[in-house]
Amino acid sequence: MFKLVVVLAVVAACSALREERNGQWEAYKATFACVYQGKEEVTRRGIWESNMDYIERHNAEADQGVHTYWMGENQFTDMTNKEFRAQMNGYVMHNRTSGNVFETIMADPPTSMDWRTKGYVTKVKNQGQCGSCWAFSTTGSLEGQHFKAANALVSLSEQQLVDCSKAEGNKGCQGGLMDNGFKYIVKNKGIDTEESYKYDAKTGRKCKATKGTVGATMSSFVDVKRGDIDALESALATIGPISVAMDASHMSFQHYKTGIYNEPKCSSIKLDHGVLAVGYGSGSVEDAGDFWIIKNSWGTIWGDEGYFKIVKSTKNMCGIATQASYPVV
């Protein structure tokens, strides 16, 4: 009886797939090198079609001015939102761990800032199928501060943090947080370069850090005043790129492509993804006004070549200002 139910379910799924999407589906599989086993392709095709319908409905509304951002097909379009959250969002919420708190408010901050144009930011990286977002946020802010101090942009090793910072409370591909990454780097008296300790998107059984390959050091770290938009803006205006966390659990973020992200269902306290704030800017009313500029770690196909903009408002959209921090070199 069970086998009959399975067969009927597969037949129903096949009949629900739309022929007019065949070419687009083949192109999707080729673009993302998708290889499915057995009946899995039927399942993935059904998920992909449902997600494409969702994307197209949203974009039609965005074209009419209902939304301030657009979505697009990417490496996550054949995944359910539950699968996406489990695989990609590895930030673990925590209480404050630093005694140093940045709460300076500039009287007249610049109207925009973009540290990418000043040489502080390395190329967009890709965490792969590993919940190591926190490690990429950690290295991103230290790469910026190292550049500020040494005038040399050095790509640092996320894999070292994934493999070696378990004693500080991180769990490799199962999640972690940036402040714990900073603690490890201080204790270890540095972190290796990306080149010397390369990323492989899985938690290593042992730490492989070696002497003589340190790419950057730091002495301490600072937490930006919790939930304070003005403090985060001031830190971004004066310090450099800042490690931040956010609620990235929504279908709308899974398929974000361009524009200024604004998700009414976003939480400002339930955060699950570590990213890097690299600046902020101002737009017209039609462009949804002020925004943060954020570097993600999902490769350049996702989003706007790996980046996204998110509305900057007193509502602290998606919690960008809730748990921000940066290293002191």
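Start by selecting Cys266 and Cys318, both of which are buried. What you have open is a predicted model. Look at the two sulfur atoms: a disulfide joins Cys266 to Cys318, with an S to S distance of 2.0 Å. The torsion about this S-S bond is 95 degrees, and the link is right-handed. Cys266 sits in the loop between strand E8 (256-261) and strand E9 (273-281), while Cys318 sits in the loop between strand E11 (307-311) and strand E12 (325-328). The bond therefore links distant parts of the chain, 52 residues apart.

**The other disulfides**

How many disulfides does a search of the whole structure find? There are 3, and your next stop is the one that joins Cys130 to Cys173, again with an S to S distance of 2.0 Å. Is this link left-handed or right-handed? With -95 degrees about the S-S bond, the link of Cys130 and Cys173 is left-handed.

Move on to Cys164 and Cys207, which form a disulfide with their sulfur atoms 2.0 Å apart. Cys164 belongs to helix H6 and Cys207 to the loop between strand E4 (191-192) and strand E5 (214-216), so this bond too ties together parts 43 residues apart in sequence. The torsion about the S-S bond of Cys164 and Cys207 is about 90 degrees, so this disulfide is right-handed.

To keep track of the pattern, number the bonded cysteines in sequence order: the pairing is 1-3, 2-4, 5-6.

Select Cys133 next. Cys133 is buried, with a relative accessibility of 0%. Then try Cys34, which is also buried, at a relative accessible area of 18%.

Now leave the cysteines and look for open space. The largest pocket has a volume of about 390 Å³. To find it, select Gln75, Asp78, Met79, Gln87 and Gln129, the closest to its centre of the 23 residues that line it. Colour helix H3 (40-63) and helix H4 (81-88), the elements that give two or more residues to this lining. H4 supplies the largest share, 3 residues. Colouring by class, you will find 12 nonpolar, 7 polar and 4 charged residues in the lining of the largest pocket.

Your last stop is the second largest pocket, with a volume of about 240 Å³. Select Tyr54, His58, Tyr69, Ser252 and Glu263, the closest to its centre among 14 lining residues. Which elements supply at least two residues each to this lining? They are H3, strand E1 (69-71) and helix H9 (251-254). The largest share, 4 residues, comes from H3. By class, the lining of the second largest pocket holds 5 nonpolar, 5 polar and 4 charged residues.

Terms used: Residues numbered from 1 in each chain as written. Predicted model: local features only at pLDDT ≥ 70, side-chain atom pairs only at ≥ 80, totals over all residues. Heavy atoms only, no water. Disulfide = S-S within 2.5 Å. Buried < 20%, exposed > 50% of the residue type's maximum accessible area, 1.4 Å probe, protein only. 1 Å grid on protein atoms, 1.4 Å probe; cavity = no way out; pocket = protein on both sides within 12 Å on 5 of 7 lines; lining within 4 Å. Points joined across faces, edges and corners; volume = space filled by probe spheres on them. Nonpolar A, V, L, I, M, F, W, Y, C, P; charged D, E, K, R; others polar.
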